[in-house]
Amino acid sequence: MIALSAMYLADRLVRLSGVDLGIIAIYFALVIGIGFYLKRFATTGEDFFLAGREMTAWVAGLAFVSANLGSLELLGWAGNAYQYGIMSAHWYWVGAIPAMVFLGLVMMPFYYISKTHSVPGYLKLRYGPEASGLSAITFAVMTILMSGVNMYAMALVMRVVLGWDIHFSIWVSSLTVGVYVASGGLFSAIFNEVLQFFLIWFGALLIPILGLVETGGWQGMVARIHQNFPGQDFTHLWGPMRSFADNPMGIHWTGIVFGLGAVQAMGYWTTDFLVVQRVLSAKDVRSAKLAPIIGSFFKMAVPLIVILPGLLGRAVLPMHLLPGGEAGPGQYKYDDVLPLMLARYCGPGLLGLGITALVAGFMAGMAGNVSAFATVWTYDIYRPYIRKSAPDQHYVAMGRWCTIIGLVVSIGTAYLVMKFASMMDYVQALFGFFIAPLFATVLLGMLWKRVTRAAGFWGLLAGVFSSVTMFTLMKLDQRWVAIFALSPIAKGLAQAMYQALWSCVICAVVTVLVSLITKPRRDEELRGLVYSLTDVAHEENASWLQRPVVWGAAALVLFVILQIIFW
Amino acid sequence: MSERHHIIPVWFFVGLLLFVYGWMILVSGLAEWSHPSDTVLANLHAPVWWGALLIILGSIYCLMFRPNKTH
């Protein structure tokens with residue numbers, strides 16, 4: 001134990017051996033090689049931006065989940081699990097599974113049948129250029145900021161774990177991502193997301209396995225947590241949310257169900273183009289419907305390698321981790337828990353695999369952001385507003401340049417992010433700004449043909465504006481927290497949940513009101529875009545094992561069982 | 001995965017990576033068998049059985065999705 005503590009207190013957690021460095025080097029060589037290999041296939045716009053629309057449901061489904069399994073997932077949520085306990089798993093279960101099933105069964109057919117290349121592209125077809133332009137610009141801003149967050153997170157880990165210079169890490173990872181995404185476009189991004197999926201599982205799965213061996217299983221872990229932190233409940237999902245004061249997050253169950261499950265998760269998983277783009281690459285409608293449902297099963301398992309290590313950190317780490325702003329020299333933050341656990345259990349070879357998994361997660365996150373940014377910029381901003389009719393090759397070249405420019409802007413963003421105390425609060429705030437109102441706009445547009453062009457724009461604008469206003473007021477004066485988040489003790493994540501909920505409600509109300517006083521579009525213009533005017537292919541002729549609705553129901557049943565087990 | 005473009009399936013690359021990593025980790029684990037690293041539960045020799053698992057899975061993927069078979 002003394003030797004272990006001394007290792008933690010050194011200027012870096014671990015020193016990599018030759019085999020570790022070899023494992024990392026092989027990964028970098030492979031992803032760059034794959035990028036060059038795939039370049040020859042990314043010749044048209046559809047190839048570069050949508051991977052030729054020929055991915056199977058499994059590939060699209062794994063890429064769909066992996067695009068969300070970047071640095072924030074691994075580090076941020078392991079840190080949140082240490083800070084808040086198993087309640088953090090809500091972001092993987094109620095905050096993902098119903099939304100993924102809903103995307104597959106209800107929304108994906110519209111995206112796919114309309115042959116849109118992006119979510120703003122769908123808005124353009126449904127509402128016109130005003131709502132589409134607003135959505136495209138806000139998405140582009142959010143994506144680049146997210147990319148910067150990814151870079152910062154990666155550089156932070158490299159500094160904590162390996163002692164690498166933070167600037168060196170940012171530039172090396174950016175160059176690598178730039179080479180492989182600019183070469184193969186979405187082909188490259190998806191290939192590397194699938195690789196990353198396997199690396200993360202095989203690199204991180206040993207932590208919970210060995211952690212549970214050390215603690216003597218789940219019950220042993222719970223007993224140790226209670227011993228180390230008496231009087232606090234870190235191991236129940238719903239029980240501690242009967243009141244705001246009963247849990248370390250300061251949130252009520254209504255915030256999780258309505259703010260996270262019904263608004264934020266639905267908004268993120270169904271309208272964030274970064275993840276939806278992966279499903280749009282599917283080869284047919286059935287694959288597009290199945291991909292998010294396949295992804296939902298894997299998503300349900302991710303807490304095993306992210307949340308459980310955070311909980312195990314509470315049980316076995318000899319030191320207490322601190323919030324980001326309070327950790328001094330020689331002390332560690334919540335977000336350091338995953339690298340600390342990796343260093344605890346993994347020696348040469350396994351350590352290299354774990355570090356490679358982290359690096360792969362970071363780079364895939366960046367790649368996802370820049371590939372989505374390149375698509376939205378090229379198709380939803382550049383083509384409609386700057387150069388309307390150009391050869392397909394011109395737009396492919398623009399996509400490649402956008403990848404590079406997006407990375408350069410992301411690097412600048414990464415340096416900005418360093419000034420924020422908590423990167424997760426920052427990202428949750430971003431989601432609330434854009435995603436929650438967008439969900440209301442897209443969903444109302446799909447389900448209600450009466451929604452008008454003006455209503456789409458003004459509703460979205462009102463939602464984004466109200467979200468930014470709430471965020472700013474809560475940051476400026478704590479009294480606003482009690483009003484918007486319903487409790488003065490609500491922490492950052494809880495505030496973000498209610499901010500998302502109210503901004504979505506405001507967007508929906510404004511959209512409905514404006515629709516009622518403006519002229520609707522003709523039915524002929526809305527065919528293929530609105531539920532009541534679209535013939536969605538059903539699966540009566542397919543065997544029940546091939547029907548997306550069967551697997552969607554199975555995912556929901558499993559989801560409910562998990563809630564009961566960890567209630 | 002890609003009929004139109006005849007791209008090597010991503011699963012082959014997955015298998016290749018797991019196979020190579022498996023051998024590196026297995027050999028590393030065997031090399032330190034008598035002098036385990038200074039980590040918790042090092043006596044379980046996780047690198048040996050984890051490396052073997054990666055080799056097996058990597059071999060299966062490489063064989064199932066090798067380029068000559070799928071093209």
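**Exercise 1. Work out whether A:Pro348 is buried or exposed, using its count of other C-beta atoms within 10 Å.**

Solution. Keep in mind that you're looking at a predicted model.
- Step 1: Count the neighbours. A:Pro348 has 23 other C-beta atoms within 10 Å.
- Step 2: Compare with the cut-off. A residue is buried if that count is 20 or more.
- Step 3: Conclude. With 23 such atoms, A:Pro348 is buried.

**Exercise 2. Find where A:Pro348 sits in chain A, and list the residues it touches, leaving out those up to four places away in sequence.**

Solution. 
- Step 1: A:Pro348 lies in the loop between H16 and H17 of chain A.
- Step 2: Look for partners in its own chain.

**Exercise 3. Describe the side of chain A that touches chain B.**

Solution. 
- Step 1: Count both sides. Chain A brings 30 residues into contact with 29 residues of chain B.
- Step 2: See which elements take part. Those giving two or more residues on the chain A side are helices H2 (18–39), H9 (166–204), H10 (206–215), H16 (337–345) and H17 (350–385) of chain A.
- Step 3: Pick the main contributor. H2(A) gives the largest share, six residues.
- Step 4: Sort by type. This side of chain A has 22 nonpolar residues, five polar ones and three charged ones.

**Exercise 4. Classify how H4(A) and H14(A) cross, and say what their contact is made of.**

Solution. 
- Step 1: Get the geometry. The axes of H4 (residues 57–66) and H14 (residues 285–301) of chain A come within 7 Å and cross at roughly 50°.
- Step 2: Name the arrangement. Because of that angle, H4(A) is oblique to H14(A).
- Step 3: The crossing of H4(A) and H14(A) is right-handed.
- Step 4: Look at the residues. Among them are A:Trp58 and A:Phe64 from H4(A), and A:Leu290 and A:Phe298 from H14(A). The contact divides into ten nonpolar residues, three polar and one charged.

**Exercise 5. Decide how compact chain A is for its 567 residues.**

Solution. 
- Step 1: Check what it's built from. Chain A has 23 helices and zero strands.
- Step 2: Compare the radius of gyration with the rule. The value for chain A is 23 Å, close to the 24 Å from the globule rule, so the chain is as compact as a globular protein of that length.
- Step 3: The C-alpha trace of chain A spans about 75 × 55 × 50 Å along its principal axes.
- Step 4: Look inside. Of the 567 residues of chain A, 61% count as buried.

Note on methods:
Residues are numbered from 1 along each chain as its sequence is written. Chains are lettered from A and ligands numbered from 1 in the order in which they are written. This is a predicted model: local features need pLDDT of at least 70, side-chain atom pairs count only at pLDDT 80 or more; totals for chains, interfaces and linings use all residues. Two residues are in contact if their C-beta atoms, placed from the backbone, lie within 7 Å. Helices (H or I, at least four residues) and strands (E, at least two) are DSSP runs, numbered from the N terminus. Ala, Val, Leu, Ile, Met, Phe, Trp, Tyr, Cys and Pro count as nonpolar, Asp, Glu, Lys and Arg as charged, and the others, Gly among them, as polar. Axes are lines fitted to C-alpha atoms, for helices over the stretch in contact, and angles run from 0 to 180 degrees between N-to-C directions. Angles under 35 degrees count as roughly parallel, over 145 as roughly antiparallel, 65 to 115 as roughly perpendicular and the rest as oblique. A crossing is left-handed if the near helix is turned anticlockwise from the far one by less than a right angle, and right-handed if clockwise. The radius of gyration is taken over C-alpha atoms; the globule rule is 2.2 Å times the number of residues to the power 0.38. A residue is buried if 20 or more other C-beta atoms lie within 10 Å of its own, exposed if 12 or fewer, and partly exposed in between; C-beta atoms are placed from the backbone.
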